[in-house]
Amino acid sequence: SELSVQRGDNLIVSVREDFYEYSGGVHSIYGIIGMNYDSATSDVLLITDVLTDISSLPTLLSEKIIAVYGDEYESYESLQGYREEEYGPEDYNWTMSYQGITFYFNPYEIASYAEGIIQTTLWFDEIQELIKAEYTDVPKGGYAMTLPLGYDIDVDLDPLDGKRDSILVSSFYQTEEDQEYGSLTLR
């Protein structure tokens, strides 16, 4: 497994664990686990600790999944079952960044194994009425977040322009004779 800090400050430490296991059989199992902790007490945070009301969450997430992955998801029985099923605060798999809350559905949760992990982000500006205000502010002191290699991430670098910026982080490493070269590119 691999752990990466999605957010770390005086309110919350949000960690994403990507795991993979193969112990025989038709195929491996893999997925993402979100772990969220109160920075002051080390207590596990549930989604109800950061949102004021979760009753509309299944509908919001379903709409985002259909918008991102396509209309064919609207007909999936498992997605329909998710929308109708009562999810408790402990059932949501999520991490928080400084821009929004990302929810993860591992293989077989709402789609087949072949379709992989379904994930979607509810941006803070989309859920202003649901999120507790203290979580939307970037702390003035130190904080941490992950810039994953090889993935575009959306970050609002300039809150005054009203749009998200895309960041891509890539790396290059090469060994020649007794020399090692490396570079990290942030675009």
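Residues are numbered from 1 along each chain as its sequence is written, and side-chain values use heavy atoms, with hydrogens and water left out. Because the model is predicted, local features need pLDDT of at least 70 and side-chain atom pairs count only at pLDDT 80 or more, whereas totals for chains, interfaces and linings use all residues.

Three strands form an open sheet in the order S4-S5-S6, with antiparallel pairing. Strands (E, at least two residues) and helices (H or I, at least four) are DSSP runs numbered from the N terminus, and two strands pair if DSSP finds at least two bridges between them. Strand S4 (94-96) and strand S6 (118-123) are the edge strands, each pairing on one side only. From one strand to the next, the twist averages 20 degrees. S4 is joined by three bridges to strand S5 (residues 100-105), and Met-96 stands opposite Ile-101 in S5. Between S5 and S6 there are six bridges; here Tyr-104 stands opposite Gln-119 in S6.

Helix H2 (residues 57-69) lies across S5 and S6 and runs at about 115 degrees to S6. Such angles run from 0 to 180 degrees between N-to-C directions, with axes fitted as lines to C-alpha atoms, for helices over the stretch in contact. Contact means heavy atoms within 4.5 Å; not counting residues up to four places away in sequence, Thr-120 touches Leu-61, Lys-64, Ile-65, Val-68, Ile-101, Thr-102 and Phe-103.

The largest nonpolar core has 25 residues, and Ile-47, Leu-51, Ile-101 and Phe-103 have the most contacts inside it. A nonpolar core is a set of buried Ala, Val, Leu, Ile, Met, Phe, Trp, Tyr and Cys residues joined through side-chain atoms within 4.5 Å. Helix H1 (47-50), H2, S4, S5 and S6 each give two or more residues to this core. With residues up to four places away in sequence left out, the contacts of Ile-101 include Ile-47, Leu-51, Trp-94 and Ile-131.

The largest cavity has a volume of about 40 Å³. A cavity is a set of points on a 1 Å grid over the protein atoms alone where a 1.4 Å probe fits but cannot get out, and lining residues have an atom within 4 Å of a point. Among the residues that line the largest cavity are Tyr-87, Phe-103, Tyr-104 and Glu-109.

Technical notes
Buried < 20%, exposed > 50% of the residue type's maximum accessible area, 1.4 Å probe, protein only. 1 Å grid on protein atoms, 1.4 Å probe; cavity = no way out; pocket = protein on both sides within 12 Å on 5 of 7 lines; lining within 4 Å. Points joined across faces, edges and corners; volume = space filled by probe spheres on them.
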